[in-house]
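Work through the exercises below with the sequence and the model at hand. Each task is followed by a solution in steps.

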Amino acid sequence: MDWSTPIDIYCERLSPGFWAEPVNALTNAAFLLAALAGAIAARRAGLRQPALWALIALAALIGIGSFLFHTIATPWAALTDVLPIWAFVLLYLVTFATQVMGIRPLRLIFGSALALVALIAFMTALRAALGPAAEALNGSGQYAPGLLGLIVFAALLLKRRHPLGPLIATTAALFTLSLAFRTADLHLCTALPVGTHFLWHLLNGTVIGLLLIALVRGLEAAR
């Protein structure tokens, strides 16, 4: 793999220049604002848990990495975009499930493994059924585990009548909408040259901000 090969997969990018995607690049400020909101909430609550502050740092790194990807647009820049996202997803899953919902680690591992196997089987079957049409998802299928995790959290919290249930359910709905805009981007280039990927940034930044606030509230209540 040539790590310096330019990547062009968004409507807004029409050249290999650094500022070829100004809207996609600048809307990554949403992730920095999410990190700031999480930091302010954590400080006000007096929370010092390392996992919480690691998640806040990862939220900021998501914004920085995505900015690099939408400006430099090379495979190595793509890694700075993807790796913080998955680190955030995995750490949040473990932290929220164990420290807020009280799920035992072994049960979490077992349940997550079953869910992942089922999800992989479903996505494989869906891709086989759709054939070439599967490319219409525009790579959004990779975020299915994150969406599934939010839906499961929301369902469990609402079933328990937990105060955080409505907030997590709202977050899951927003994430679904943000995935829809991410998927639609390349399909709307003719009608909307700037694309819709920037809406993925804005909504996803909101999602991460809400998730951090939900975790702060959960940790504060548990304390």
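**Exercise 1: the disulfide**

Cys11 is buried, with a relative accessible area of 6%; buried means under 20% relative accessible area, exposed over 50%, and partly exposed in between (1.4 Å probe, protein chains only). The model is a predicted one, in which local features need pLDDT of at least 70 and side-chain atom pairs count only at pLDDT 80 or more, while totals for chains, interfaces and linings use all residues. Residues are numbered from 1 along each chain as its sequence is written, and side-chain values use heavy atoms, with hydrogens and water left out.

Task: find the partner of Cys11 in a disulfide and describe the bond.

Solution. 
1. Apply the criterion: a disulfide is a pair of cysteine sulfur atoms within 2.5 Å.
2. The partner is Cys189, with 1.9 Å between the sulfur atoms of Cys11 and Cys189.
3. The S-S torsion of Cys11 and Cys189 is about -90°, so the disulfide is left-handed.
4. Cys11 is in the segment before α1 (22–26) and Cys189 is in the loop between α7 (165–184) and α8, so the bond ties together parts 178 residues apart in sequence. Helices here are DSSP runs (H or I, at least four residues), numbered from the N terminus.
5. Cys189 has a relative accessible area of 26% and is therefore partly exposed.

**Exercise 2: two helix pairs**

Task: describe how α4 packs on α8, and then how α6 packs on α7.

Solution. 
1. Helix α4 (residues 75–100) and helix α8 (residues 197–222) have axes 10 Å apart, at an angle of about 25°. Axes are lines fitted to C-alpha atoms, for helices over the stretch in contact, and angles run from 0 to 180 degrees between N-to-C directions.
2. This makes α4 roughly parallel to α8, since angles under 35 degrees count as roughly parallel and those over 145 as roughly antiparallel.
3. The crossing of α4 and α8 is left-handed, meaning that the near helix is turned anticlockwise from the far one by less than a right angle.
4. Residues of α4 in the contact include Phe88, Tyr92 and Phe96, and those of α8 include Leu211, Leu215 and Leu219. Contact means heavy atoms within 4.5 Å.
5. The contact of α4 with α8 has 11 nonpolar, three polar and no charged residues. Ala, Val, Leu, Ile, Met, Phe, Trp, Tyr, Cys and Pro count as nonpolar, Asp, Glu, Lys and Arg as charged, and the others, Gly among them, as polar.
6. For the second pair, the axes of α6 and α7 come within 8 Å and cross at roughly 155°. That makes α6 roughly antiparallel to α7.
7. α6 also passes α7 in a left-handed crossing.
8. Among the residues that meet are Leu150, Phe153 and Leu157 in α6, and Ile168, Ala172 and Phe175 in α7. By class, the contact of α6 with α7 has 13 nonpolar, four polar and no charged residues.

**Exercise 3: positive phi in loops**

Task: is Ala73 buried or exposed, and is Arg161 buried or exposed?

Solution. 
1. Ala73, though not a glycine, has a positive phi of about 55°. Ala73 belongs to the loop between α3 (50–69) and α4.
2. With a relative accessible area of 2%, Ala73 is buried.
3. Arg161 has a positive phi of about 55° and is not a glycine. Its place is the loop between α6 (144–159) and α7.
4. Arg161 counts as exposed, at 77% relative accessibility.

Technical notes. Angles under 35 degrees count as roughly parallel, over 145 as roughly antiparallel, 65 to 115 as roughly perpendicular and the rest as oblique.
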